[in-house]
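Please read the points below alongside the sequence and the model.

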Amino acid sequence: LKCFNCSFLSAFGQEDERLFIGGQYKLQFCDIILMDTGENCKLFARALLIFERLISGEDLGYAHRKVSKQDFLIIDKLVKMEWLEHKTKQCGFPEYIVGCFGQFIRYQKCIRISVQYLRRDYGKYFMRFFLNDDSENLPNL
């Protein structure tokens, strides 16, 4: 996988940025470490990946098949913050994570939900985001 060092183009001097080009598979972030504080944001990166796959209608894949309550609570809090326009300091999450989530949902042009994957992979926690009580009549796919 080839990359281009674009740190010199960045508006954020503290960031060491790379643009990755090519590759056979979709690039997936597993961990984010904030360099100025040393904070590891792996839990947030996982929750954001799960949410991205959920609203893209994608299978979670075997590596992330179990959605935890913690994953749901992170996304639930971020979604509520966006809806209610709370300030980042009120949620206790790193500002970088809140900013990433905000940018992601603002530029999302299409939401595709797979009822099959929703029930199988996300159902226990995320069903209430998308389906109401009348959804019990949906076929089991």
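1. Basis of the note. This is a predicted model, in which local features need pLDDT of at least 70 and side-chain atom pairs count only at pLDDT 80 or more, whereas totals for chains, interfaces and linings use all residues. Residues are numbered from 1 along each chain as its sequence is written, and side-chain values use heavy atoms, with hydrogens and water left out.

2. Layout. The protein has 4 helices and 4 strands; these are DSSP runs numbered from the N terminus, with helices (H or I) of at least four residues and strands (E) of at least two. From the N terminus on, the order is β-β-β-β-α-α-α-α. Of the 141 residues, 31% are buried; buried means under 20% relative accessible area, exposed over 50%, and partly exposed in between (1.4 Å probe, protein chains only). Among contacts with a separation of 6 or more, 49% join residues 24 or more positions apart, a contact being heavy atoms within 4.5 Å.

3. Beyond its neighbours within four places in sequence, Ile75 is in contact with Ala47, Leu48, Phe51, Phe126 and Phe129.

4. Phe44. This residue lies in helix 1 (residues 42-55) and is buried, at a relative accessible area of 12%. Apart from neighbours within four places in sequence, Phe44 is in contact with Ile74, Phe93, Pro94 and Ile97. The C-alpha atoms of Phe44 and Ile97 are 7.1 Å apart, although 53 residues separate the two in sequence.

5. Asp76. At 9% relative accessibility, Asp76 counts as buried. Not counting residues up to four places away in sequence, Asp76 touches Arg128 and Phe129. Asp76 also forms a salt bridge with Lys80, the closest N and O atoms being 3.1 Å apart; a salt bridge is a side-chain nitrogen of Lys or Arg within 4 Å of a carboxyl oxygen of Asp or Glu. Because Asp76 and Lys80 are 4 residues apart in helix 2, about one helical turn separates them. Lys80 is partly exposed, at 40%.

6. Other charged pairs. The whole structure holds 5 salt bridges. One of them joins Arg106 to Glu82, with closest N and O atoms 3.2 Å apart. This pair links distant parts of the chain, helix 3 for Arg106 and helix 2 for Glu82, 24 residues apart. Arg106 is exposed at 52%, whereas Glu82 is partly exposed at 22%.
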